[in-house]
Amino acid sequence: MKTDIVLAGVGGQGILSIATILGSAALKENLYVKQAEVHGMSQRGGDVQSNLRLSSDPIASDLIPQGGADLIVSLEPMEALRYLPWLKTGGTVVTNTAPFVNIPDYPAHEALMAELDALPRVVAFDMDAAAKEVATVRSSNMVLLGACAPFTGIETEKIEDAIRAIFGRKGQAMVDANLAAFRFGLDKAKNL
Amino acid sequence: MNTTRKILLGDEALALGAINAGLSGVYAYPGTPSTEITEFIQGDKTARERKLHSHWSSNEKTAMEEALGMSFCGKRAMVCMKHVGMNVCADPFVNSAFTGANGGLIVVAADDPSMHSSQNEQDSRFYADFAFVPALEPSDQQEAYDMAAYGFELSERVRMPLMMRLVTRLSHSRAVVEVADEAMPEKALRYPDDTDQWVLMPGNSKRRYPVVLRLWEELEAESEVSPFNRYIDGPDHSLGIIVSGIAYNYLMENYPDGCPYPVVKISQYPLPRKMLRRLYDECDHLLIIEEGQPFIEQKLRGLLCDDCNISGRFDGKLPRTGELTPDSVRRALGLPEIEAPEASRQVVRRPPALCQGCGHRDVFHALNDVLAGYGSAKVFGDIGCYTLGWLSPFNAIDTVVDMGASITMAKGAADAGQHPAVAVIGDSTFTHSGMTGLLDAINENSHITVIISDNLTTGMTGGQDSQGTGKLEDICLGLGADPAHVRTIDSLPKNHQAMMDMFREEIEYPGLSVIVSRRECIQTARRHAKKA
């Protein structure tokens with residue numbers, strides 16, 4: 001088993017929680033994990049990414065080679081496209097389609113959607129709207145985690161266990177909201 | 001001994017390794033990518049129970065000296081900083097080779113090749129080499145953990161401080177690390193055997209210098225047999241590869257079934273000369289892959305060896321600047337490119353920006369509006385979130401160089417006849433390196449306006465305690481600033497006119513003034529609100 005994932009988004013959106021949950025689920029499975037992330041200056045509303053590598057064999061590099069990622073998982077549509085050169089032939093893009101516009105020259109939404117739709121394997125929908133509907137505005141990242149779960153090579157139940165473990169401290173309501181968001185994303189990905 | 005597997009950042013692995021190795025104190029100033037080492041120790045259960053020292057220091061120089069004092073007393077101490085912090089603590093660091101260490105002393109320098117969050121990509125190995133201080137360079141998170149105990153032991157055995165060189169992709173990358181469940185006890189108080197060595201008067205230093213040089217030779221012999229330096233033979237001797245630190249991982253990423261060429265893996269310095277000589281003699285050509293600047297390559301090439309059989313960053317096999325990637329290493333190895341989609345043409349840059357609700361924004365808005373009334377105002381900036389004031393829409397800063405340089409450069413500019421000369425500096429940067437420069441300006445009553453944009457924290461690195469909180473005005477007054485020209489205002493949109501008025505009045509005042517413009521960082525304010 002070996003899954004290489006590029007996680008993408010805008011600073012503050014919460015991609016690192018996705019990495020933490022997948023990482024702890026993988027640790028429980030006795031898998032090897034490497035996860036490179038960005039701190040410091042890049043966090044202030046700039047683009048952020050994290051390379052997450054899960055494998056049953058030892059992992060050499062902390063960074064995924066170009067053309068090596070099985071998955072691009074993004075909380076923002078333009079940020080998903082930023083990492084296309086890292087996508088493996090036959091790899092999948094799972095992305096939120098709600099744009100995060102904090103720059104004056106942000107591209108036209110229709111053009112971004114057209115480029116995403118043209119990709120061979122893509123799961124894309126408005127995860128902000130979904131999160132608002134089934135849980136809370138802040139849980140778009142859990143919808144995304146659900147939507148990418150079938151492609152990670154980790155059993156869904158193990159990811160749910162990790163969600164329970166990580167959000168358990170913050171109370172049952174928090175766990176339930178995050179699980180609802182996760183399951184919504186999961187169903188959506190299965191039915192697309 | 002029982003162990004547990006944990007997912008840890010390289011920084012955290014080193015921190016936990018140090019705690020488990022009987023650390024008594026960590027000394028540091030926050031700086032990306034080193035900050036999480038100290039933060040981990042501040043939050044660790046064992047460290048709290050043992051009351052290990054982990055309070056932030058004012059700057060890297062005070063941190064280094066405090067750690068040296070702890071080492072003098074026989075206890076294990078660690079100093080942590082980003083690479084440019086080495087410049088700040090260069091004086092005590094270089095001299096610490098002459099005092100030597102008593103308790104194990106590890107100086108962690110976290111380099112930032114590719115400058116993700118730094119003003120340059122200087123390679124700290126040059127400092128270690130120049131100071132005759134041995135260095136360790138972990139290649140993965142497990143080594144970062146293991147090298148803490150190894151490093152303390154080595155430091156105590158040879159009675160020398162030791163540098164631990166990290167890089168961004170190790171500091172800020174997580175992996176599964178096997179860690180001991182119990183920490184070794186701390187060392188007892190024990191004074192140095194040779195007390196003269198700690199008094200660096202010329203006579204003592206003259207006696208010590210040849211000893212340091214002899215130790216350097218002993219350390220080279222240590223490097224030949226270090227468990228972290230390895231000669232790994234391969235069948236194809238047309239090429240020999242030298243890798244240091246995390247470069248080893250990029251090499252192995254490209255040879256999942258094993259590297260066909262002999263490899264020397266370097267993680268301990270000074271360089272093991274015999275091991276490298278053997279590789280050079282046994283192979284037709286050498287390729288040197290190292291993260292950061294070409295330190296090893298420069299050593300092996302020298303100044304006169306242009307036509308030797310050595311490739312690396314100097315001959316263009318690898319990019320001359322920036323961090324390594326599995327891709328750049330792949331190209332250097334001459335392996336075929338991996339097929340990959342083309343880059344999207346629609347994607348545009350998304351630069352970082354000051355947060356909405358950040359007081360620095362109010363400072364720049366007011367300052368810009370005031371300075372628009374002058375023909376040639378110059379604003380000297382500093383290191384912190386407010387460096388982003390250089391970007392649009394503010395375009396409010398003319399220079400940014402190093403911690404504290406805003407005040408001193410404004411003073412130099414005023415000495416040259418510049419007016420208005422305005423310095424903008426954050427509270428933490430002010431107590432790090434601004435206070436001494438302010439004393440210069442006060443002593444000459446320089447015609448400059450110093451704005452301390454006080455957000456009550458060290459914001460850029462994630463909100464660590466700032467050493468001047470609650471004391472800034474008193475510090476300025478204590479240094480001798482005129483009380484009539486040390487003024488305070490809240491950085492708020494509703495104060496825009498008042499801020500402008502105050503800025504203008506002090507710019508017009510023909511002498512030194514300090515304005516403390518204050519508003520809590522929006523990020524830490526949110527955190528405090530959540531806790532309450």
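Colleague: Where is B:Tyr191 placed in chain B?

Modeller: In this predicted model, B:Tyr191 sits in the loop between strand 7 (173-180) and helix 10 (202-225) of chain B.

Colleague: What makes B:Tyr191 part of a nonpolar patch on the surface?

Modeller: B:Tyr191 forms the patch with B:Phe72 and B:Leu189, and together they have about 320 Å² of accessible area. Patches take residues with over 30% relative accessible area and no salt bridge, and nonpolar side chains are joined within 5 Å, so the three residues are grouped on that basis.

Colleague: Why are helix 4 and helix 5 of chain A called roughly perpendicular?

Modeller: The axes of helix 4 (residues 127-134) and helix 5 (residues 140-148) of chain A cross at roughly 110° and come within 8 Å. Angles of 65 to 115 degrees count as roughly perpendicular, and therefore helix 4 and helix 5 of chain A get that description.

Colleague: Which residues make the contact between helix 4 and helix 5 of chain A?

Modeller: From helix 4 of chain A they are A:Met127, A:Asp128, A:Ala130 and A:Ala131, and from helix 5 of chain A they are A:Ser140, A:Val143, A:Leu144 and A:Ala147. By class, the residues of this contact divide into 6 nonpolar, 1 polar and 1 charged.

Colleague: How do you know that A:Arg53 forms a salt bridge with B:Glu253?

Modeller: The closest N and O atoms of A:Arg53 and B:Glu253 are 2.8 Å apart. The cut-off is within 4 Å, for a side-chain nitrogen of Lys or Arg and a carboxyl oxygen of Asp or Glu, so the pair qualifies. The pair crosses between chains, with A:Arg53 in strand 3 (residues 47-55) of chain A and B:Glu253 in helix 11 (residues 247-254) of chain B.

Colleague: How many salt bridges does the structure hold over all chains?

Modeller: The count over all chains is 44 salt bridges.

Colleague: Which residues does a cis peptide bond join in chain B?

Modeller: One such bond joins B:Tyr269 and B:Pro270, with omega about 10°. B:Pro270 is in the loop between strand 11 (268-269) and helix 12 (273-282) of chain B. Another joins B:His419 and B:Pro420, with omega about -5°. B:Pro420 lies in the loop between helix 16 (405-415) and strand 15 (421-426) of chain B.

Colleague: What is phi of B:Phe132?

Modeller: Phi of B:Phe132 is near 65°, a positive value in a residue other than glycine. B:Phe132 is in the loop between helix 7 (125-131) and strand 5 (135-136) of chain B.

Technical notes
Residues are numbered from 1 along each chain as its sequence is written. Chains are lettered from A and ligands numbered from 1 in the order in which they are written. This is a predicted model: local features need pLDDT of at least 70, side-chain atom pairs count only at pLDDT 80 or more; totals for chains, interfaces and linings use all residues. Side-chain values use heavy atoms; hydrogens and water are left out. Axes are lines fitted to C-alpha atoms, for helices over the stretch in contact, and angles run from 0 to 180 degrees between N-to-C directions. Helices (H or I, at least four residues) and strands (E, at least two) are DSSP runs, numbered from the N terminus. Angles under 35 degrees count as roughly parallel, over 145 as roughly antiparallel, 65 to 115 as roughly perpendicular and the rest as oblique. Contact means heavy atoms within 4.5 Å. Ala, Val, Leu, Ile, Met, Phe, Trp, Tyr, Cys and Pro count as nonpolar, Asp, Glu, Lys and Arg as charged, and the others, Gly among them, as polar. Patches are made of residues with over 30% relative accessible area and no salt bridge: like charges are joined within 9 Å, nonpolar side chains (Val, Leu, Ile, Met, Phe, Trp, Tyr) within 5 Å. Accessible areas come from the Shrake-Rupley method with a 1.4 Å probe; for residues, only the protein chains shown count as cover.
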